[in-house]
Amino acid sequence: MSQNFRIENVGLINKDKKLCFKFNGKKYFGYEGDTLASALLANGVHLVGRSFKYHRPRGFFGAGVDEPYAIVQLYRNNETEPNIKATEQELFEGLEAKSVNCWPSVNFDIGAINNFLKIFLPAGFYYKTFMWPKSFWYRIYEPFIRKAAGLGVASIKHDKERYEHKYEHCDLLIAGSGPSGLSSAYAAAKNGAKVILAEDKPRFGGSLLTSDVNIGNQSGKEWAEGIIAELKTMPNVVVKNRSQIFGYYDHNMLVMSEKVSDHLPATKKYHPNKRLWYIRAKEVLISSGSIERPIVFGNNDTPGVMLSSAAKEYLKVYGVLVGRNPLIFTNNDSGYETAIEFKKHGVDPIVLDSRKNPESEIINEAKNIGINIKNSYVVVAAQGYKKVKSADIASISDDKKQLGKIENIQCDCICVSGFWTPTIHLASQSGNKTKFKEEIDAFIPGQSKQNERTLGAANGVFSLEETLKTSFAAGSELSKKITENDNEVLIPNVVEKKSSKHDKFWCVPLPEGKNYKRFLDFQNDVSVSDVEIALKEGYRSIEHVKRYTTLGMATDQGKTSNLNGLQLVSEIENKVVPAVGHTTFRPPYTPVSIGAIVGREIGKHSKPTRKSPMHAWHEKNNAVFVDAGVWLRPRYYKRGNENLFEGSKREAKNVRTNVGVCDVTTLGKIDIKGPDAAELLNRVYTNAWLKLPVGKARYGVMLREDGIVMDDGTTTRISENHYHMTTTTAQAANVLSHLEYYLQLVWPELNANVVSTTEQWAGAAIAGPKSRDLLQKLFPNSNVSNEGLPFMGYMEDDLYGVKARIFRISFSGELAYEINVESDNGNFMWEKIMEVGEEFKIQPYGTEALSTLRIEMGHVAGSELDGRTIPYDNALESLVSKKKDFIGKRSLQRTAFIADDRQRIVGVVPLDKKTSIPEGSHLVKDANAPLPNPKLGHISASCWSVEYDNPFSLAILKDGKNMIGEKLFVMSPLKNKVIPVEIVSSHYVDPKGERVRS
Amino acid sequence: MLYIKCPHCGMRPQIEFSYGGDASVKRPELNKDVSDQDWDDFVYNRKSLRGKHLELWQHISGCRQWIKVERDTSTHEISRTFKADEEVA
């Protein structure tokens, strides 16, 4: 198809580079520098979608971020992305896009029946209709709403694109590269300030690209190009296009989304698709400009009705005529600028001005070149379904209440200008309390809350001369404060046409006997009558009206609808607009890809992966790994076709009969030094620590102040004032913070220091009846007999030239030792243990076997110390000192904690000695009791006992102390299991603890 | 994201810190009788203030020092920060 609406020699696009693209399956051509919108319009395509609620035909309304409707589904490089504004998407070779919210096609959309049923879809329709009967919700209403909701479809494929995050600091961050952004950036840069200038469009210059002004004897556009070129050469300036500052957060942190690759057919290798910048700025200058407001009239959503500024932009930037027979409807001078541009390119527009007798330089120019102007005239309604075909127009009385005789005139587009709305989103997000400016009928930023200042049109200043003056001044002043330089910058002369006052008129009354839909919010299909209904039904707060009608919601965030909505509410309520107030502007200003927000932190980068120094050995020996916090630990070492159950059973059995070795590097380790180290331990742990001799280890339990067990582990006295604490893998970081808290804030008088040494030591536990023989072979010069190195003893020795610490401690309940060497020697130690251990039939064992061993022994771990249990619950009350005070002791006197039937750890064995018990199952008295069946306790950990060859579990059970021997039921509705069980002691194997002392 | 002045390291982003609650809470002394009410107040009961609030933060990914931060809970404005042992006037 040919580009019938493109005009020669106009625009900033590259006509030497023709691009082919597809829309709704049909092939078109455009040029490099086009947006999807401008290229479609050049081809005469106005119908792009269907509206959200009524499925009315939708065209283009704006030319950029202001666009409420032209939202398409984009296909690029075998990926699809919803929610793309056709007015922002740059054209590339091979682009494909489709309309959303229509079925089977945008031309014939079955949902459009809603348009004829609109009487049934008023404000609050969903709230009113889908409330009853309740049983309809899941079967009928929810599927219906799900089908109707949203615009476009998210891809369900893994996103192959790469997104990056960047952190940056600067002196001045400037949002928007229009006249005020360029001036302030230039002045600040000249003072040596570190400046970041962000422009969301591909081209810099903002309104200067389309306005007919002169700055310093050049056109506005040339001046902008000169400034940008100079800024780009300055080392203290970063200039970014396609970069939208979408959020203003606390303490002057702003977030910017840079579209790196969206304008290309495919992302280049090693390039991200988008880059998210977190910018901490000393000062922020908001020069985000303004958005033209619509005037509300009948059928004002018909394709072909668009903002007058958009029509001008399509013409001046893209060389595209949005129509050949345009009607311009304005209440201010801006409409005339568009009219003049049309006329210059051989198109005769008609201007309807709601004002009676406006006079200004620009109006005179329009008159002089012969433009047909009708004063005190308005558009009553657009006519045409999929495209404007004509307009009903009428004169209007001075009080704007009475329409004259209605005439119908032919036109193919209606360009509307209802004056300008400053873009105050960023200022408002910063916490700035905005204020209403009567002269422009709009809100502007008020008192700054953070270090932010708003300039130019965003601040309600529409004179270019004043904008340049204030912006140069702001740039100089703020940068001077930071750099202390004061380089004078000359403010160039400005030639611009003076405007006359706009008309405070925003909504055309309905003619008698007509009930046209007059839309306020084009994206969410909210019309004047919807807001009227909401108010009639008693909604008063603007925030409530918003939610009830959906006015100003979704991705549009009321960019074009906000003020007209407020005007309507203020009129009906007979309040002034500032008394109505506006709804909160929330980030993001425009939609941001979830991928960009997530950045690189996906997949294996979503958290760090910690590996022990022996990791490579485990890998080589068929370890199957499991996540343990951020650590990767061997779960079991697979032999042949073994599964987890078989492998872990073999490993556990080998520990009980021979000797096994387990990588315990992941245990948290904290070095404690200082004369008061013992006193610190004495206050942190529940048991007594002051008399622990050098060379001895002790098991300890620490509580939180609320009496709940925080962690457990052993601590060894290495020398007089030096202790080595171990924590569980999961709690290592928390315990360190906990100790630091008490040392720094609560008991600063204690002379002790703590530091994490988890990374510094590699650990191997050797466990089993033959572990002593193995140890003796590893350390032939030491006396490792039961007397030489008794249970809970500690010694240091040399392992083939490597310094080693040897602890006689046991988690498996077997005779066991733990050897620590410096991390670099970890693998050496491991290989030596395996080599020397061969004659004792050593096997490595993973976390699954480790669990089995500790469960059988009734040793508690994370699944029992789950943040809900006290020492008694874990049968650890013998470790709670009655004499001394410690963290959390007072809480143990709480009524619930001393109740007679307090929960307590027990063992659980299935009566059939066969059925495995799922972890997390509940224990109940009667399996057939009516629901909710009272829960007596829960299964905390399960294993297959290698000692007795039957399933065994630990449980935390109400009145556990008196339940031994009872028969209960384990219920797991998730696994659909009911298992009769017997309650036994939690110390299932070696209840007297003889093996560890043997 | 807040920008917190660590009294030891200078201005640092919030992600380097972890929050530690009300800094005005005093732990009852060890080995002293504490009433149920006083202990309850220490362990559980906190005011939810609107306005200036003195709170604890730990510079967990920095110097690991616990610091006191005076922050306005309604505006997030941080007026002052203190070292752990500094008296707050």
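## Reading the model

Residues count from 1 along each chain as its sequence is written, while chains are lettered from A and ligands numbered from 1 in the order in which they are written. Because the model is predicted, local features need pLDDT of at least 70 and side-chain atom pairs count only at pLDDT 80 or more, whereas totals for chains, interfaces and linings use all residues.

## Chain B at a glance

Let's start with chain B, which holds one helix and six strands. Helices (H or I, at least four residues) and strands (E, at least two) are DSSP runs, numbered from the N terminus. Read from that end, the order in chain B is β-β-β-α-β-β-β. The C-alpha trace of chain B spans about 40 × 30 × 25 Å along its principal axes.

Of the 89 residues in chain B, 15% are buried; that term asks for 20 or more other C-beta atoms within 10 Å of a residue's own, with C-beta atoms placed from the backbone.

## A helix covered by both chains

Now to chain A, where helix α20 (residues 732-746) has 15 residues. From first C-alpha to last, α20(A) reaches 21 Å, close to the 21 Å expected at 1.5 Å a residue; the expected span is 1.5 Å times one less than the number of residues.

The buried residues of α20(A) are A732(A), V735(A), L736(A), L739(A), L743(A) and L745(A). Their cover includes β35, α19, β37, β38 and β39 of chain A, together with β5 (66-72) of chain B.

## A five-stranded sheet

Chain A also has an open sheet of five strands in the order β17-β24-β18-β19-β20, with parallel pairing. Two strands pair if DSSP finds at least two bridges between them. At the edges are β17 (305-307) and β20 (372-375) of chain A, each pairing on one side only.

Within this sheet, β18(A) and β19(A) pair over four bridges, and L327(A) stands opposite I350(A) in β19(A).

## Two packed helices

Finally, helices α5 (residues 179-190) and α6 (residues 220-233) of chain A pack at an angle of about 35°, with axes 10 Å apart. Axes are lines fitted to C-alpha atoms, for helices over the stretch in contact, and angles run from 0 to 180 degrees between N-to-C directions.

L182(A), A185(A), Y186(A) and A189(A) in α5(A) meet A224(A), I227(A) and L231(A) in α6(A); contact means C-beta atoms, placed from the backbone, within 7 Å.

Notes. Buried ≥ 20, exposed ≤ 12 C-beta atoms within 10 Å, placed from the backbone. Contact = placed C-beta atoms within 7 Å.
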